[in-house]
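This report describes selected side-chain contacts, backbone features and surface features of one protein model. The sequence and the structure are shown first.

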Amino acid sequence: MTPGPPPATLVPIALDAGEAPPPDPAAEPVGFLVTADDGTRIHFQDWGVPAGAAGLVPAPGVVLVPGLLAAAWTWAPVARRLAGTRRAVVADLRGHGLSDAPPDGYDLATLAADVVLAADGSGALDGGPVVLAGHGLGGMVAAGAAALLGERCGGLVLVDGGWERVEETSGLDVDEFLRGMDEPPEVLRSMEAWLADRRGFDPASWDADQERAARDGVVETAAGHLLRAVRPHVVGAVVRAMFAYEPAEALAAVAAPVTALVAFATGDAGLRLGELRRAAAARVTAGRGPISIAGFPSDAHNLVRYRPAEVAAAILGATEPA
C-alpha cells in the first residue's frame, strides 16, 4: 500500500479586517483584582458584557495577555473591537501593570496559572470555552494557560510569539538579550521624549489608547526623569523564563485549535518560520491539529497596535478547526 502524503502542519489562512467589528470609542474597561494562592494580587481589565447580553446566555469569553514589559492597556485597540460581541478580559502579568510584583513566581507555569485565575475570576469562562490570545511573551503564557484549561479553552491565538525558541531566533544568549533592553538615556530624560519615541514607531496608529499604554510603561521621578515601570528583578526573571521556553512541548500540550500571526518584518523571517514549522510538527506528532498561520510581510512585532482589526478577526475565528 502506497503511503499517503504527510499531514499538513501549517495551514495558511486569510484574515479580512472587515470581519472584525469597528472599535467602540466609548468603551471603558473596569479593573478588578484576584488573589493567587501565594497571596499575589493579579489585576485584569474587564471590557464588559456585549450590549443586549446582560441577563441572557453569557457571552463567549476572550482573555488577552500582554507581552514583555507591557500592561493591559496595550490590548485596547483589539479589545474595543471585541467588546461588542465577546466578553473581553485583559490580564496583567504579575510584576506588570497593576498586578503585584512579588520577589518570585515568574516562571511560565506560575504566570499561566495567574491567567487561568483571571479567566475564572472575571467570568470569562461562564460562556463556555474561552479563547486565549497572547502577544510575544504573552503567547508563551497563553499557551501554558490553554494547556491548563484543556477543554475549557476553545482556541489559542499567538500574536507574533509563543512558537519560537528565543535564543534560536534572536541569536543572543539571555544576558546579551537583557543588555539590549536598556533604553537610551535621551528617551528616558522626560515624558515628552518617551512619548515622542513611542509615537515614532508608527505615527498613523498613535492615539489616546497608545499614549495611555506608553505612559503605563514608565514611572516619572520627582526630577522629571523616567524609570521603567517593571522592576529589574521582574525583568530578569521573566526574560530567563522566556529563554527556557520550549514551544514544541508547550504547543503539543494544547488541545484547542492554534493560530499564529507572524510579523515577518521582525527578525530573520526564515528562522522564525522554521521555528513555527518545528512547533507545528510537534503538535501533529502528538495527535493535535495543525497550526493556522497568517503572515504580515511588512509589519513589525506589535501587531496589536499595527493590525488590530486583523488580530480581532483572528480571535473571532479562532475556534474554527484548520
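Does Arg198 count as buried or exposed? Arg198 counts as buried because its relative accessibility is 17%; buried means under 20% relative accessible area, exposed over 50%, and partly exposed in between (1.4 Å probe, protein chains only).

## Basis of the report

This is a predicted model, in which local features need pLDDT of at least 70 and side-chain atom pairs count only at pLDDT 80 or more, while totals for chains, interfaces and linings use all residues. Residues are numbered from 1 along each chain as its sequence is written, and side-chain values use heavy atoms, with hydrogens and water left out.

## Salt bridges

A search of the whole structure finds 17 salt bridges, each defined as a side-chain nitrogen of Lys or Arg within 4 Å of a carboxyl oxygen of Asp or Glu. One of the salt bridges joins Arg198 to Glu183, with the closest N and O atoms 2.7 Å apart. Arg198 belongs to helix α6 (residues 191–200) and Glu183 to the loop between α5 and α6, so this pair ties together parts that are 15 residues apart in sequence. Helices (H or I, at least four residues) and strands (E, at least two) are DSSP runs, numbered from the N terminus. Glu183 counts as partly exposed, at 27% relative accessibility.

Arg240 forms a salt bridge with Asp175, where the closest N and O atoms are 3.0 Å apart. This pair links distant parts of the chain, with Arg240 in helix α8 and Asp175 in helix α5, 65 residues apart. Arg240 is partly exposed, with a relative accessible area of 42%, and Asp175 counts as partly exposed at 37% relative accessibility.

## Asp160 and its partner

The side chains of Arg272 and Asp160 also meet in a salt bridge (2.9 Å, N to O). Here too, distant parts of the chain are linked: Arg272 is in helix α10 (residues 269–285) and Asp160 in the loop between β7 and α4, 112 residues apart. Both Arg272 and Asp160 are buried, and the relative accessible area of Asp160 is 2%.

## Aromatic pairs

How many aromatic pairs does the structure hold? There are three aromatic pairs. Rings of Phe, Tyr and Trp (its six-membered ring) pair if their centres lie within 6.5 Å; planes under 30 degrees apart count as stacked, over 60 as edge-to-face and the rest as tilted. Among them is the stacked pair of Phe32 and Phe44, at 5.6 Å centre to centre and 25 degrees between the planes. Phe32 lies in strand β2 (residues 30–35) and Phe44 in strand β3 (residues 41–46), so the pair ties together parts that are 12 residues apart in sequence. Phe32 counts as partly exposed at 39% relative accessibility, whereas Phe44 counts as buried at 2%.

Phe177 and Phe243 form an edge-to-face pair, with 5.4 Å centre to centre and 75 degrees between the planes. This pair links distant parts of the chain: Phe177 in helix α5 and Phe243 in helix α8 (residues 232–244), 66 residues apart. Phe243 is buried, with a relative accessible area of 15%.

## Further loop residues

Leu69 is not a glycine, yet has a positive phi of about 70 degrees. Leu69 is located in the loop between β4 (61–65) and α1 (76–82) and is partly exposed, with a relative accessible area of 25%.

Gly150 is placed in the loop between α3 (137–149) and β7. Gly150 is partly exposed, with a relative accessible area of 26%. The C-alpha atoms of Gly150 and Met181 are separated by 35 Å, and the two residues are 31 residues apart along the chain.
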